[in-house]
Amino acid sequence: MAILDYVEAGLSWLLASQKGRHPKLFTKAPAFVDFPEPTFVIDSPDCGPSGSYMKPEYTQVGEDRFPELTWSAPPVEVKEYIIVIEDPDAPLPSPATHALFYSIPSETNRIIASDIRPVLGGEKEKRLQGGFKYGKNVRGTIYGGPRPLLNHGPHDYYYQVVALKEPMDATKMGASPTKSELAAGIAGKVAGWGAWIGIFERKWK
């Protein structure tokens, strides 16, 4: 193994107890007080039902391909969706943000890898081929798949889809909105939500 692997594994040992920030997930925020539990089911044809281990090609260990997500329409009128992807097991004070997608059209019930490719000429507006926009993640990229610390144990990756009964006011957010801005923007507008959980671990070999 490379020297950096030994350093990373040692860091994982020191931070072994720094996991489980699930109470700080996006869907535990005050905006979800009327929806403490998921209201619709999300599946991933690429990786399996929620709780499945993710294949390497859907992580930064492999191709870092975005896993297809599908969901059924909630039993309410939806104006738009947002998607927040987080790792609550990252050794940080709050869950690590892997992606923020917003202004997702109401008729959408499926997201595939090509949907999150940037629109040519739409970089300034952060527009993607799926007809929506993206916000700021921990890497400053559109999306970053799972890559937990080496030997830190299994990490849960929450792909949270939130249905809104009113569109967010984009004029009150920055060009690359943060998770906090999205949380403020959906206050009083949540119509339901669902989560698909993928699990991944990098083991010492």
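A salt bridge is a side-chain nitrogen of Lys or Arg within 4 Å of a carboxyl oxygen of Asp or Glu. Side chains of opposite charge can pair when their charged atoms come close.

Good morning. The structure shown above is a predicted model, in which local features need pLDDT of at least 70 and side-chain atom pairs count only at pLDDT 80 or more, while totals for chains, interfaces and linings use all residues. Residues are numbered from 1 along each chain as its sequence is written, and side-chain values use heavy atoms, with hydrogens and water left out.

Let us begin with R110 and E68, whose closest N and O atoms are 2.7 Å apart. R110 lies in strand β6, residues 110-111, and E68 in the loop between β2 and β3, so this pair ties together parts that are 42 residues apart in sequence. Strands here are DSSP runs (E, at least two residues), numbered from the N terminus.

Are these two residues buried or exposed? Buried means under 20% relative accessible area, exposed over 50%, and partly exposed in between, with a 1.4 Å probe and protein chains only. E68 is buried at 13%, whereas R110 is partly exposed at 45%.

Next, D64 pairs with R139, with 3.9 Å between the closest N and O atoms. D64 lies in the loop between β2 (52-53) and β3 (69-71) and R139 in the loop between β7 (133-134) and β8 (155-164), so the bridge ties together parts 75 residues apart in sequence. R139 is partly exposed, at 46%.

Finally, R127 and E125 form a salt bridge at 3.9 Å, N to O. R127 is partly exposed at 34%, and E125 is partly exposed at 36%.

Methods
Helix = DSSP H or I, 4+ residues; strand = E, 2+ residues; numbered from the N terminus.
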